[in-house]
Amino acid sequence: TLFRSRSKRKFEVFHATHSLYVLWFIVGLLHGPVFWKWVALPIAAFLVERAVRFVRRSAPAEILRTRVLRSGVTRLDLRKPAGFQHRAGDFVFLRIPRVAEHEWHPLTISSAPERDLLSFHVRALGDWSSAVRGLAETRQSGHSSEALVAAVDGPYGAPCAGVFESRRAVLIAGGIGVTPFASVLESIALRSRSGAGIALERVDFVWMNRDAYSFEWFFDLLSSIDKLDDRGLVRIHVYMTGGRSDASSAAFDLARRAALLAGETDVVTGLKIETHMGAPDWPAIFASMAVDAGEVPVDVYFCGPPGLARKVGPCCEDAGMTFRQERF
C-alpha cells in the first residue's frame, strides 16, 4: 500500500542517516589529540559486538511456507541454515529483503530445536509485520510463487530457556506471548517421548486468549501433546477471557463439560481440553499448584502484556514461587 511504501522510505532514510555514525567517530578522533583515550574502550566494545553479530548472521535461509492464521497472525517456516543450533525459547533477528531490505526484527522461534525447520508466528501490529502478512496473503491466494529468502541473526537466549533446569514449572502466556512456550512445550514432549534425560517433573501451561480463533495458532501442537507426552508431564489450562462467566452461560458450560466427559472435543477450541470462560483466579490457581508441589520449588515463566504481568507477578510471589518475565 501507499502507506507502507511511505513508511518503508522513512525507515530507509533513518537507516542511512544513522549509518553515518562512522563519520562521528572520525570527526571525534580528529577533534582533539586525547579524545581517543575517552572513547577507546566504548569503541572496542562496539566493534566486538558488531563482529559477533556479523559472525552469528548465517547464510540466507529459504522460506518454505507462509500461512495466514486468524487474529492477524502469520506463520513462517524456514529451512534451518546449516550449523544453526538453538535452545527452546530462543529468539533471532530476522530480515526479509522482499519486505524491507535493511530492517531486522526480533522474533521468537516457535518450533522445537529437535525439528528441521525454524517456525515463527508474526502478529500484524506494525508496518513490517503487516507487510509480512500481506505477502503471505498474496502467496496464499496464488498470485505469487516467487522464492523467498530471509537472513537470520542469532540465536539469542531468553529467560524461559531455564525451564529445563526446573523441577516444577508453570508457563503462563497471554495471546501471542505463547510463541516461546510453543517451542518449549514441543521440546519437552519430544524429549519425554525419546527418553532423554529431563529434570522436569511437572509442567502447567496456562494460555489466555480473548476469543476462540486465537487458539487455532497452535492447535496442531496442543492436540499432539497428548500423543507425544507419554508420561503425562504437561497439564494444559486454556482460558477464553472474552467469554462470559455469568449465570446466563451456565447451560452452555454444562453442555461443553458433558461433551468432554463423553470423549468429544471442546466446542470452543476443538481440543479435548476444557476451556475456562473468563479471567483466571490467580490466587486460587497458585495456591492449588503450591499445595500440589509440596516442598518442591516452583518456577513461573511469563510472557504476555505488561499489565497482566503486574497482576500475575505479586500473586506468584505470595505463593512462594519464583517469577520470571519475558519481554516481547
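Trainee: Is arginine 167 buried, partly exposed or exposed?

Mentor: Keep in mind from the outset that this is a predicted model. Arginine 167 has a relative accessible area of 40%, so it counts as partly exposed.

Trainee: Which residue forms a salt bridge with arginine 167?

Mentor: Side chains of opposite charge can pair when their charged atoms come close. In this structure glutamate 201 forms a salt bridge with arginine 167, and their closest N and O atoms are 2.9 Å apart. That pair links distant parts of the chain, since glutamate 201 sits in the loop between H5 and strand S8 (202-209), arginine 167 sits in the loop between S6 and strand S7 (168-174), and the two are 34 residues apart. Glutamate 201 is likewise partly exposed, because its relative accessibility is 38%.

Trainee: How many salt bridges does the structure hold, and which residues are linked in a network?

Mentor: The structure holds 12 salt bridges, and Arg168, Asp204, Arg235 and Asp292 are linked in a network of them. Another pair is arginine 95 with glutamate 101, whose closest N and O atoms are 3.8 Å apart; here arginine 95 counts as buried at 18% relative accessibility, whereas glutamate 101 is partly exposed at 40%.

Trainee: How many of the residues of H4 are buried?

Mentor: Helix H4 (residues 127-140) has 14 residues and reaches 20 Å from its first C-alpha to its last, close to the 20 Å expected at 1.5 Å a residue. Of those 14 residues, 10 are buried, so H4 is largely enclosed by the rest of the structure; among the buried ones are Trp128, Val132, Leu135 and Arg139. Just after H4, glycine 142 takes a positive phi of about 85 degrees.

Trainee: Which residues does the cis peptide bond join?

Mentor: The omega angle is what to inspect here: a cis peptide bond joins glycine 154 and proline 155, with omega at about 10 degrees, and proline 155 lies in strand S6 (residues 148-156).

Trainee: How many disulfides does the count come to?

Mentor: A disulfide is a covalent bond between the sulfur atoms of two cysteines. The count for this model comes to 0 disulfides. Cysteine 315, for instance, is in no disulfide, and the nearest cysteine sulfur, that of cysteine 316, is 8.7 Å away.

Trainee: Which residues form the nonpolar patch on the surface?

Mentor: Leu20, Tyr21, Val22, Leu23, Ile26 and Leu30 form that patch, with about 590 Å² of accessible area together. Leucine 20 is found in the loop between helix H1 (2-18) and helix H2 (21-31), and it counts as partly exposed at 48% relative accessibility. As for the chain overall, 46% of its 328 residues count as buried, and its secondary structure comes to 9 helices and 12 strands.

Note on methods: Residues are numbered from 1 along each chain as its sequence is written. This is a predicted model: local features need pLDDT of at least 70, side-chain atom pairs count only at pLDDT 80 or more; totals for chains, interfaces and linings use all residues. Side-chain values use heavy atoms; hydrogens and water are left out. Patches are made of residues with over 30% relative accessible area and no salt bridge: like charges are joined within 9 Å, nonpolar side chains (Val, Leu, Ile, Met, Phe, Trp, Tyr) within 5 Å. Accessible areas come from the Shrake-Rupley method with a 1.4 Å probe; for residues, only the protein chains shown count as cover. A salt bridge is a side-chain nitrogen of Lys or Arg within 4 Å of a carboxyl oxygen of Asp or Glu. Helices (H or I, at least four residues) and strands (E, at least two) are DSSP runs, numbered from the N terminus. Buried means under 20% relative accessible area, exposed over 50%, partly exposed in between (1.4 Å probe, protein chains only). A disulfide is a pair of cysteine sulfur atoms within 2.5 Å. The expected span of a helix is 1.5 Å times one less than its number of residues.
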